[in-house]
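This report covers the pocket and the charged pairs of one model. Please keep the sequence and the structure in view while reading.

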Amino acid sequence: MRSQVVAHIAAERLVVGDRLPTIRALATDLGLAAGTVARAYRELESAGITTTRRRAGTVVADGVAPTDVVARQAARAFVAAVRDAGLDDDAIVDLVRGELLRRHEA
């Protein structure tokens, strides 16, 4: 569900200020538990993709560019993969710096 929201933002089907369905409505539509949807909404908010306002509900956050969302998602997946491979944070940063230097020279 999170990736679908990100994809809609990247495709500009959702833009800043667009309101997402309520947790209960989306859970019903997707056949999911409300807690599952609530957790996804919290994760979207903690990533800065959405914000929740009283009375307005959950909306696409201001300042979220589609490319930022895609880059953030890619970075999160990369970090998870290399941590699973056993690299620590310093090694991850070194790996990224090395790749940036290599790409810059090409």
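The model is a predicted one.

Arg2 forms a salt bridge with Glu43 through their side chains, at 2.6 Å from N to O. The two residues sit in distant parts of the chain, 41 residues apart. Arg2 belongs to helix α1, and Glu43 belongs to helix α3. Glu43 is also partly exposed, at 31% relative accessible area.

## The largest pocket

Arg2 and Glu43 both line the largest pocket. That pocket holds about 190 Å³ of space. The most comes from α4, with 5 residues.

What is the make-up of the lining of the largest pocket, in nonpolar, polar and charged residues? It has 6 nonpolar, 2 polar and 4 charged residues. Among the lining residues are Val6, Leu44, Ala47, Ile49, Val69 and Ala77. Ser3 and Gln73 line the pocket too. So do Arg72 and Arg76.

## The other salt bridges

How many salt bridges does the structure hold? There are 3. Side chains of opposite charge can pair when their charged atoms come close. The Arg2 and Glu43 pair is one of them.

Arg83 and Asp89 form another, with N and O 2.7 Å apart. Arg83 is partly exposed, with a relative accessible area of 45%. Asp89 is partly exposed as well, with a relative accessible area of 45%.

## A pair within α5

Arg102 and Glu99 form a salt bridge, and their closest N and O atoms are 2.9 Å apart. Which helix holds Arg102 and Glu99? Both lie in helix α5, which spans residues 89-105. They are 3 residues apart, so about one helical turn separates them.

Arg102 counts as partly exposed, at 47% relative accessibility. Glu99 counts as partly exposed, at 32%.

Key: Residues numbered from 1 in each chain as written. Predicted model: local features only at pLDDT ≥ 70, side-chain atom pairs only at ≥ 80, totals over all residues. Heavy atoms only, no water. 1 Å grid on protein atoms, 1.4 Å probe; cavity = no way out; pocket = protein on both sides within 12 Å on 5 of 7 lines; lining within 4 Å. Points joined across faces, edges and corners; volume = space filled by probe spheres on them. Helix = DSSP H or I, 4+ residues; strand = E, 2+ residues; numbered from the N terminus. Nonpolar A, V, L, I, M, F, W, Y, C, P; charged D, E, K, R; others polar. Salt bridge = Lys/Arg side-chain N within 4 Å of Asp/Glu carboxyl O. Buried < 20%, exposed > 50% of the residue type's maximum accessible area, 1.4 Å probe, protein only.
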